[in-house]
Amino acid sequence: MPSLGDIIRNSQIWKSIFRHPAPVDRRNRIVVMLTNFFLHLHPVSAKKQGIALSYTWCMGGVTFFLFLVETVTGVLLMFYYRPTIEWAYTDILTLRDATSLGILRELHRWGAHAMVITVWLHMYRVFLTGSYKPPREFNWVVGVILLLLTLLMSFTGYLLPWDQLAIWAITVGSNMARATPFLGYEGPGAQLLTVGGIDMITNASDARFGLLGARFVGEETLNRFYVLHCIAIPLGVALLLAIHFWRVRKDGGISGPM
Amino acid sequence: MHGLTYEEFLSQLSGFLCGYYVLVASMNGLFALYRWKRHGEGQLALAWSGLGVVTLIMAAMVASGNPEIVKYISFNEGIKGFIDTLMSPTTYSLGSLVILGVMFYFREVLVRPNVAWLGFNLMLLFMGMSMADSDFAAIVTKPDNVPIVGLIFLLAFFTWLATSKAVVNDKRIANGELPLEATESEKEKVLVWPDLVYTELICMVALTALMLVWAIVLQAPLEEPASAVKTPNPSKAPWYFLGLQEMLVYYDPWMAGVVLPSMIVAGLMAIPYIDFNKKGNGYYTINERKFAYLTFQFGFLVLWVTLIIMGTFLRGPNWNFFGFYEYWDSHAVEAMNNVDLSQYVWVEFLGQPLPKPDPEASFLSKVLVIAQREFLGILLLIGYFAILPPLLAMWDKKRLFQPMYKRMGLIRYMVMTNLMLWMALLPIKMLARWTFEMKYFIAIPEYFINF
């Protein structure tokens with residue numbers, strides 16, 4: 001009498017998904033790494049030192065996991081949220097007070113804070129172990145861009161609740177763009193960019209205007225930041241993550257003594 | 001939390017703080033058990049359990065919620081006032097630099113498990129005893145500030161972990177041995193399933209649990225609906241940008257908000273290309289790469305992190321500085337009369353009025369007048385970025401700069417020294433402000449170039 005487990009594991013459905021027996025012996029532990037889409041990011045084997053938790057702190061992995069958490073909770077939040085001045089704040093209120101399992105926004109916000117911290121810790125570890133040294137120079141550069149995008153994702157998301165905290169934090173942050181050299185209307189050199197006595201860089205054409213879509217943080221900004229937050233930046237991050245992971249493998253695997 | 005009497009504040013807080021002390025007590029108990037069973041340190045284990053008992057008593061005392069009892073386990077007004085008067089941007093910044101420097105110097109002692117554990121306990125006790133102050137609690141328990149408290153503890157832990165590994169490796173290297181990561185048993189290959197895959201799974205489960213607890217316990221902040229006419233005081237950027245916002249005290253927005261952040265990003269990207277040291281690749285070490293290590297720690301821990309902590313916890317209304325236990329009074333006024341370098345040169349030293357360009361004059365003649373007015377600042381700037389690096393290479397023949405120049409070549413050497421000089425600009429500007437009330441080295445308000 002075969003057990004239920006055996007019946008399931010011998011069924012055509014199961015075998016069509018997992019093309020080999022359970023990874024309990026050496027051979028199948030190798031095969032599983034090669035045949036599973038998600039696992040094939042990993043090598044089949046690695047140096048003991050390179051996978052020690054006290055060495056890697058698992059911070060890169062934790063950051064990636066938090067990115068996935070943010071993606072899932074973010075998609076769910078998008079069901080409840082409309083990025084317009086009429087609705088943004090009330091939708092958040094409804095989400096807090098009337099939606100069941102109302103910790104979605106908490107998960108998303110704390111996850112974002114945590115992600116910023118874990119990115120820093122990951123870079124801290126990579127620096128302290130000298131893992132940016134050849135042959136991994138370029139992957140460090142990709143990592144720096146990912147750091148920047150993480151901060152930008154968090155920054156653009158900060159505006160979406162459309163409360164006092166949100167618009168003033170974004171106002172303070174984006175006021176800097178007003179002072180961009182040449183491209184901000186209060187920036188050094190901007191007044192040199194004139195054509196026939198007409199200023200090219202005004203508060204309706206400078207870098208800050210490009211960021212906000214208006215002269216101040218308003219409806220256009222909310223829409224712009226929403227699109228950046230939900231689509232543009234995450235897509236960029238996804239692409240760079242793929243490159244980042246691929247390069248870890250191509251540049252010699254998890255770092256260790258050369 | 002203002003508008004509450006102290007009793008009301010305590011009764012709200014006592015549950016949390018009691019749990020906090022119970023946690024500290026149990027951690028000390030577990031640590032005592034670990035040191036005793038694993039390392040046979042009976043006396044020390046006894047001391048740690050003693051501390052556990054003390055914190056347990058503290059838990060009971062705070063649970064009472066009675067100010068008469070709680071006052072024995074919180075800082076009294078005298079100590080708090082003393083700490084607050086000691087604290088200023090100057091003492092805070094220099095103090096953190098000195099403390100981190102001393103910790104670096106004595107790292108071999110400080111990383112010992114029992115010493116580090118004592119430090120950890122002191123941090124926790126300082127935190128707990130300060131929490132009984134309503135002004136301190138108001139800032140620390142603000143939902144968006146909680147991650148920064150977490151960041152402080154995480155950084156302390158991971159810095160300890162990395163440093164203790166580096167100390168071990170440095171000793172081994174000094175004895176002619178390989179670093180631990182390079183020993184034969186560590187280089188042995190193991191299968192990723194199960195050794196790595198399971199670690200990752202456990203990390204994911206633990207993190208999920210942590211996130212769920214965090215999300216349930218702490219509600220995400222939501223203030224009043226956005227209003228373009230009601231400016232909150234202070235208006236703060238998100239916490240990870242508060243180091244940049246703090247730089248606004250010393251720099252104009254084009255520097256603090258655009259140029260310096262760009263230099264940070266460019267400098268980070270440049271690290272692998274200017275660090276030519278082949279040692280220390282793939283293992284923890286400090287002695288083999290002291291220069292790179294100290295430069296990075298100065299930029300990260302001293303500048304980036306301490307400025308964020310200052311911007312979050314110590315900057316109140318009007319971006320004024322407040323001590324840990326001070327009430328954020330929005331009417332506090334700080335006198336500011338900072339002076340430009342050109343003012344010092346022309347008015348104070350030469351006794352002449354500042355040259356002013358004629359607004360009707362041609363662009364070139366305006367620039368000439370401004371260049372004349374700001375000549376000292378401009379010369380200093382050119383000297384700082386262009387002449388100082390070659391001078392360093394000529395002066396420091398043996399130790400650092402000339403060997404670097406020889407190995408890196410002119411361009412890489414100039415890039416590296418210039419990046420470091422950019423980093424050093426902030427502390428230099430801070431020092432100039434504190435000692436000479438210096439506002440701008442170069443002040444060209446005509447073209448928004450204040451530096």
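**The interface and the chains behind it**

In this predicted model, 84 residues of chain A are in contact with 74 residues of chain B. On the side of chain A that touches chain B, at least two residues each are supplied by the helices α3 (26-35), α4 (53-56), α5 (59-80), α6 (88-97), α7 (104-128), α8 (137-159) and α9 (164-175), and likewise by the strand β1 (45-47). Of these elements, α7(A) makes the largest contribution to that side, with 14 residues. Sorted by class, the side of chain A that touches chain B comprises 51 nonpolar, 21 polar and twelve charged residues.

The two chains are also joined through strand pairing. β1(A) pairs with strand β1 of chain B, residues 189-191, in the antiparallel sense, and the pairing runs over three bridges. Within this arrangement, K47(A) stands opposite K189(B), a residue of β1(B).

Chain A itself may be considered next. Its secondary structure amounts to eleven helices and three strands, and along the sequence these follow the order α-α-α-β-α-α-α-α-α-α-β-β-α-α. The radius of gyration of chain A is 24 Å, whereas the globule rule gives 18 Å for 258 residues; the value is well over that figure, so chain A is more spread out than a compact globule. The C-alpha trace of chain A spans about 85 × 55 × 30 Å along its principal axes.

The domain assignment divides chain A into domain 1, covering residues 1-45, and domain 2, covering residues 57-250. The centres of domain 1 and domain 2 of chain A, taken over C-alpha atoms, are separated by 40 Å. Of the 258 residues of chain A, 46% count as buried. Among the contacts in chain A with a separation of 6 or more, 61% are accounted for by residues 24 or more positions apart.

M414(B) lies in helix α18 of chain B, which comprises residues 401-436. Is M414(B) buried, partly exposed or exposed? M414(B) has 17 C-beta neighbours inside 10 Å and therefore counts as partly exposed, since a buried residue requires 20 or more such neighbours and an exposed one has 12 or fewer. M414(B) and I308(B) are 106 residues apart in sequence, and their C-alpha atoms are 30 Å apart in space.

Definitions and conventions: Residues numbered from 1 in each chain as written. Chains lettered and ligands numbered in written order. Predicted model: local features only at pLDDT ≥ 70, side-chain atom pairs only at ≥ 80, totals over all residues. Helix = DSSP H or I, 4+ residues; strand = E, 2+ residues; numbered from the N terminus. Contact = placed C-beta atoms within 7 Å. Nonpolar A, V, L, I, M, F, W, Y, C, P; charged D, E, K, R; others polar. Pairing = 2+ DSSP bridges. Domains from an automatic or database assignment. Rg over C-alpha atoms; globule rule 2.2 N^0.38 Å.
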